[in-house]
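User: I have a model on screen and want to go through a few local details. Can we take them one by one?

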There are 2 protein chains.
Amino acid sequence: MSTDFDTGVVVVGAGLAGLSTARKLHDAGVDVVVLEARDRVGGRTLSQTEGDGLLVEYGGQWVGPTQDHMYALIAEFGLETFTQYADGDNLQLADGRLLRYHGAIPTGDPIIAADLMDAMVELTSAAMEVDTAAPWEHPRAAELDAMTVETWIGSQPYCDGAKVWLRTLTRAIFPAEPGEISLLHALFYISSGGGLEKMIGIINSAQENRLTHGSMQVSQRLAGLLGDRVRLNSPVHRIDHDADGVTVHHEHGALHARRVIVAIPPTLAGRIRYAPALPGLRDQLTQRSFMASTIKMSVVYETPFWRADGLSGHMVGDNRLVCTTLDQTHPDRPEGVLVCFIDAAAARRALRMPADERRATVIEDLVTYYGEQARNPVAVYEKSWLDDEWARGCYVGMMSPGTWSTLGPALREPIGPIHWAGTECATKWNGYMDGAVSSGLATAEAVLAEIAATAEVAR
Amino acid sequence: MSTDFDTGVVVVGAGLAGLSTARKLHDAGVDVVVLEARDRVGGRTLSQTEGDGLLVEYGGQWVGPTQDHMYALIAEFGLETFTQYADGDNLQLADGRLLRYHGAIPTGDPIIAADLMDAMVELTSAAMEVDTAAPWEHPRAAELDAMTVETWIGSQPYCDGAKVWLRTLTRAIFPAEPGEISLLHALFYISSGGGLEKMIGIINSAQENRLTHGSMQVSQRLAGLLGDRVRLNSPVHRIDHDADGVTVHHEHGALHARRVIVAIPPTLAGRIRYAPALPGLRDQLTQRSFMASTIKMSVVYETPFWRADGLSGHMVGDNRLVCTTLDQTHPDRPEGVLVCFIDAAAARRALRMPADERRATVIEDLVTYYGEQARNPVAVYEKSWLDDEWARGCYVGMMSPGTWSTLGPALREPIGPIHWAGTECATKWNGYMDGAVSSGLATAEAVLAEIAATAEVAR
């Protein structure tokens with residue numbers, strides 16, 4: 001391959017990971033080009049103004065304590081945030097009873113609550129023994145990776161109500177059916193988020209803050225720093241590579257560069273054709289990484305009527321279509337908005353329904369939770385991430401059982417001039433916006449270290 | 001899309017499924033073109049003459065009773081077969097002891113044998129309750145799909161020796177780590193093969209016959225009937241589709257046709273770009289279908305020395321690199337050949353070794369099983385199917401836990417003018433050569449029925 005390069009590093013994907021990695025390289029004097037398949041930046045964040053000016057968050061949206069990379073960008077760009085509404089009681093559906101509770105852990109039924117506390121402590125302390133940089137090094141990695149979360153839940157002495165809630169938790173957090181992921185993956189993910197309580201709570205937890213003008217702003221500001229180095233509508237379909245560099249083929253041509261950073265989910269990275277073909281261990285890893293199933297529906301009412309009932313708008317369900325809700329009302333707007341998550345198997349059931357039936361079923365669920373006032377929304381905004389060609393699921397790519405323990409190292413190891421980034425590569429807040437940023441920065445650092453070690457001329 | 005077609009049906013993939021479907025359509029008067037990525041036909045069969053004329057079977061090779069589609073082709077083409085060598089005793093490694101047994105079920109230790117009989121009866125009878133055309137309709141589908149085979153093995157009252165063997169069996173047959181697949185997938189697969197005993201045995205079982213001049217002959221003869229309708233070196237990267245037809249973009253151009261049949265493993269089918277993008281449910285299914293990990297190594301000796309010791313050359317191991325061996329000696333040749341399967345996690349361990357270390361480890365395993373005479377082979381031929389760009393694993397694509405029960409219908413359902421075929425779609429002998437053929441024929445029938453129903457002019 002010639003060394004007459006078009007640029008120093010090509011970055012594939014203009015989500016938070018790709019933009020963060022590109023920005024760091026750019027700041028260090030490396031010439032970069034970011035190729036993005038979509039007609040926008042932001043990846044799995046998507047903030048859009050609808051109707052007469054309501055901001056709808058179709059994708060990732062919350063930030064919370066210890067997500068320092070995101071807060072640093074928010075501070076740098078001077079972006080406005082507000083606190084997620086969390087006054088009043090949350091709702092919990094347990095054995096058909098609608099119970100009220102306050103705080104992160106459903107305490108509406110004391111027997112269930114006691115079991116939940118036990119389970120959360122047990123899972124969180126087991127998680128802390130998993131090194132998120134190398135889950136395969138856990139002394140019982142093979143055993144924990146050969147057992148589903150469902151098997152773990154089923155084997156515990158908790159009451160049925162607690163087991164139902166643990167299943168709902170799995171659908172809401174990971175998000176996956178408990179039978180789809182291994183206990184090792186679950187513990188890895190809990191470890192990366194700093195423990196279950198931090199992940200499920202609102203105040204002082206991962207759902208504490210929102211960006212007033214949308215989370216996609218962060219990506220837009222990063223892209224602004226990179227100017228015309230970010231090229232939209234440019235899906236990459238092939239990467240030729242040798243020791244000297246790469247040729248990245250996209251919809252409108254090809255770029256020759258010293259290196260490429262592929263900053264998209266592993267399953268999508270596996271769809272690019274590499275020449276020569278990538279090693280079997282890497283390919284088998286990407287075959288075994290799959291995107292979660294999430295549909296996010298924002299249901300808009302004239303007012304946030306639940307607040308008058310002393311409800312927070314946060315609900316944790318059982319096995320209905322709507323898995324959880326949160327109050328998505330914007331502080332500058334009169335409408336009340338409930339954001340509904342349809343997760344895991346429920347998302348698949350939902351997609352088999354015609355759109356109007358799906359919407360009617362969601363409304364029926366909301367009536368169950370919030371009463372008759374929920375029956376007549378003024379608008380509904382829906383996003384099936386399963387159907388998004390350049391995400392193919394949300395929030396995050398997961399490992400199928402047996403993958404971490406036998407193929408894990410292939411997730412992050414570069415292959416010659418090809419490096420990897422994305423929230424799936426993150427060791428902290430994996431699956432979150434913060435993980436995307438930290439993963440992008442870590443990969444940029446690795447590339448800069450390589451450049452320094454080989455005394456290359458940074459272009 | 002215009003209706004000025006280049007051909008009636010484009011078939012993607014010239015393995016046994018693609019060639020069988022194309023041949024049936026061709027015989028019915030439909031104009032077909034088969035696009036194959038490789039420089040050869042035959043897919044996951046690969047018969048090659050090495051050295052001074054030794055036929056090496058690098059891929060699928062055996063046929064046995066009830067594989068009627070394969071036998072029909074063998075008869076039609078007048079291909080010669082011979083019986084797999086199975087005289088003498090098989091070997092079984094149990095708790096470090098090397099035991100001899102005869103027949104399909106390891107009976108070297110009577111206590112282990114009794115448990116194995118129980119397990120095989122239990123698994124086979126449970127399997128017969130799974131409808132291979134719709135595993136998701138099993139009344140306990142969700143439960144069976146949320147539990148790994150490892151969890152099932154661990155929960156049984158069998159002795160440790162039996163559990164070790166059940167794990168080896170899983171690695172050899174499915175082939176997968178017991179912690180990678182769900183019990184539902186295992187039962188589906190056993191059901192499709194007509195029961196475990198038929199799958200693991202040699203005589204009167206799935207390993208009974210070999211083709212004297214190689215299994216790839218079947219594909220070559222099928223391709224011969226299609227002539228220049230089969231185009232090699234033509235990987236397909238994009239399929240545009242609408243109600244009128246498809247445009248199939250490949251390495252050297254594009255073909256406009258009424259329909260396309262994608263006859264490659266689901267995970268590879270998922271790497272093609274479809275415009276418009278395929279529904280989320282189909283994409284999520286292909287994300288959750290992954291190829292097994294198999295390395296096949298043929299170790300050649302001056303003579304089949306084990307036969308003099310009264311050994312068949314068939315061995316079932318424990319957790320070493322070599323999972324099973326069979327006598328691969330060709331009846332027309334003097335050399336003795338042991339074919340070694342390195343399956344599942346062992347294949348991944350093996351690929352982390354340099355080639356000479358991998359070979360030395362395999363030889364060391366063979367010395368353990370067959371004694372010092374195994375130390376000095378005259379040649380070794382190896383194929384890592386994980387590293388094969390157009391297979392990415394062997395023998396078969398599997399469903400990750402939770403997939404059959406929530407996404408299963410998307411495996412075979414056509415999407416407009418796009419149909420699917422391949423051994424992964426088969427309801428009988430799924431994963432075998434016979435399943436590839438029957439799947440190809442079934443899809444051709446479905447397409448012919450559509451053509452008849454719409455009174456299209458068959459081109």
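User: Is B:Thr286 buried or exposed?
Analyst: Keep in mind that this model is predicted. B:Thr286 sits in helix α11 of chain B, residues 280–287. Its relative accessibility is 5%. Buried means under 20%, so B:Thr286 counts as buried.

User: Which residues is B:Thr286 in contact with, leaving aside its neighbours within four places in sequence?
Analyst: Contact here means heavy atoms within 4.5 Å. With those neighbours set aside, the partners of B:Thr286 are B:Pro266, B:Thr267 and B:Gly270.

User: Is A:Val121 buried or exposed?
Analyst: A:Val121 belongs to helix α3 of chain A, residues 110–127. Its relative accessible area is 57%. The cut-off for exposed is over 50%, so A:Val121 is exposed.

User: What separates the C-alpha atoms of A:Val121 and A:Gly13?
Analyst: Along the chain, A:Val121 and A:Gly13 are 108 residues apart.

User: At what angle do α2(B) and α9(B) pack?
Analyst: Helix α2 of chain B covers residues 68–76, and helix α9 of chain B covers residues 216–226. Their axes lie 10 Å apart. The crossing is left-handed. The packing angle is about 65°.

User: How many residues of the contact of α2(B) with α9(B) are nonpolar?
Analyst: α2(B) contributes B:Met70, B:Leu73, B:Ile74 and B:Glu76. From α9(B) come B:Val218, B:Leu222 and B:Leu225. Glu counts as charged, and the contact has 1 charged residue and no polar ones. The nonpolar count is 6.

Conventions
Residues are numbered from 1 along each chain as its sequence is written. Chains are lettered from A and ligands numbered from 1 in the order in which they are written. This is a predicted model: local features need pLDDT of at least 70, side-chain atom pairs count only at pLDDT 80 or more; totals for chains, interfaces and linings use all residues. Side-chain values use heavy atoms; hydrogens and water are left out. Axes are lines fitted to C-alpha atoms, for helices over the stretch in contact, and angles run from 0 to 180 degrees between N-to-C directions. Helices (H or I, at least four residues) and strands (E, at least two) are DSSP runs, numbered from the N terminus. A crossing is left-handed if the near helix is turned anticlockwise from the far one by less than a right angle, and right-handed if clockwise. Buried means under 20% relative accessible area, exposed over 50%, partly exposed in between (1.4 Å probe, protein chains only).
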